[in-house]
Structure formats: C-alpha cells, structure tokens
Amino acid sequence: MTYIVALTGGIGSGKTTISNVFSSLGVPIIDADIIAREVVAPCTTALQVITEHFGADILLPDGSLNRAMLRQKIFAAPEEKKWLNALLHPLIQVETQRQLNQVTTPYAIWVVPLLIENNLMHLADRILVVDIPAEIQINRTMARDRVSREQVENILAAQASRQGRLEKADDVIVNHNSEQDITSRVVELHQQYLKHAESVRQENHNE
C-alpha cells in the first residue's frame, strides 16, 4: 500500500508549484483537479449528464465544459453544487484510486484542494498544507484567473479558513518565500516522507 501525502491549500496558494518540485524529485503526483477535468472531458457520460441538467449553454463552442459558467451556477444555488458533487465525487474517487494503485514508489503526493472541506483527511497518511497570506492569495488568483476581487473573496469564503487548514496540517510550506527556500523545504520533506513510508512498510511487513 502506497504511503499517501495529501497536499492541500486554498485557491492561489501555489499547490501546483509545490507539486512540480516533488515531481522533479521523482514523486508521482495524483492531482484531484486534473482528474476532475478528465471525468467531464468531451464525450464522457458525466459531461452528457451535466449538459442534460443545465442545458446546452453549459458547453463551449468546442464541446468542452464552460467551467466559468458552471462555477457561477453552483455558487448561486447550493442545491446545484450538491447535485454536481454527488455526480462527480464518486467518479473522481474511482480514478484517484486507480492511479494510486499504479504507484510503485515509496510514496505519492495526492493534490486535493478541498481535502478539509470534503472531510477526506482519513484517506491520507500525512497532510501537507501550502500556506500563504490572504492578500497575496487574492492578488495571485485575480491575476491568474482574470477575475474580480469579489469573486475571489466569495471562493475563499466557501473554502476552509486558513486557520482551520493549518490545524489539520502535519507539515506546512509557506509559499511566499524565495524559490530556493521552497525547493529546500520540499527536499527536506521528501527525505522525511521516504523515512515515514519505509517505517510504515516495515510495520506492515512485521504484522
């Protein structure tokens, strides 16, 4: 059984930056956001169901999902968000498990933006939180996604609080330091996780 480190953090915190450093060290990355996009790719059953539910205008001209429009719809109507989660979460979990089953390295990084919000902590052996001051987080997201401050603040309000996320963390990376500092911190954690994974493997072997 692969040792799983869940990597989480709020929108714009830099989860991709951190996961890329782990990837450069040869650690497999299972990214919930990427899987979430794959399960609603054109021609999938999930996208067909979403289109039937919301109407054809939920699609872009190329037949792919209009994510911006979908985001607006589910933020405006909590029951629609609940419906969408009920549809997609089982599909995402199945694909996540399939990818984890293929891992042959001592541990894997599981990138889960909504780990705390969806109460998935028990599925990981260790939780790594990417932390960043709220103002930097807001500015990064506005620049990256070309959205208003109000939109970003609404997203943040729907996510776990910074303090709530930190309380669940086993490890923390502060992602407003220099690139060199961040890389050094990831390398340090990588060595720790290799030791943790080996320790668990030995315990399982001795049982």
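Trainee: Which residues line the largest cavity?

Mentor: The largest cavity is lined by G10, S13, V129, V130, D131, I132, Q137, R162 and R165. A cavity here is a set of points on a 1 Å grid over the protein atoms alone where a 1.4 Å probe fits but cannot get out, and lining residues have an atom within 4 Å of a point. This is a predicted model, in which local features need pLDDT of at least 70, side-chain atom pairs count only at pLDDT 80 or more, and totals for chains, interfaces and linings use all residues. Residues are numbered from 1 along each chain as its sequence is written, and side-chain values use heavy atoms, with hydrogens and water left out.

Trainee: What volume does the largest cavity have?

Mentor: About 60 Å³, where volume is the space filled by probe spheres set on the points, with grid points joined across faces, edges and corners.

Trainee: Which element gives the most to that cavity's lining?

Mentor: β4, with three residues. Strands are DSSP runs of E with at least two residues, helices are runs of H or I with at least four, and both are numbered from the N terminus.

Trainee: OK, the sheet. What's the strand order?

Mentor: The order is β2-β3-β1-β4-β5, an open sheet of five strands with parallel pairing. Two strands pair if DSSP finds at least two bridges between them. β2 (29–31) and β5 (171–174) are the edge strands with a single partner each, so one side of each has no neighbour in the sheet.

Trainee: How many bridges join β1 and β4?

Mentor: Four, between β1 (residues 3–8) and β4 (residues 126–131). T8 has V129 as its bridge partner in β4.

Trainee: And which strands does α5 touch?

Mentor: Helix α5 (residues 78–101) packs on the sheet and touches β1, β2 and β3 (107–111). Contact means heavy atoms within 4.5 Å. The direction of α5 makes about 175° with that of β2; axes are lines fitted to C-alpha atoms, for helices over the stretch in contact, and angles run from 0 to 180 degrees between N-to-C directions.

Trainee: Back to spaces. What's the volume of the second largest pocket?

Mentor: About 230 Å³. A pocket is an open set of points with protein on both sides within 12 Å along at least five of seven lines. Of the 13 residues lining the second largest pocket, R71, Q72, F75, Q151 and I155 are the closest to its centre.

Trainee: Which helix gives the most to that lining?

Mentor: α7, with five residues.
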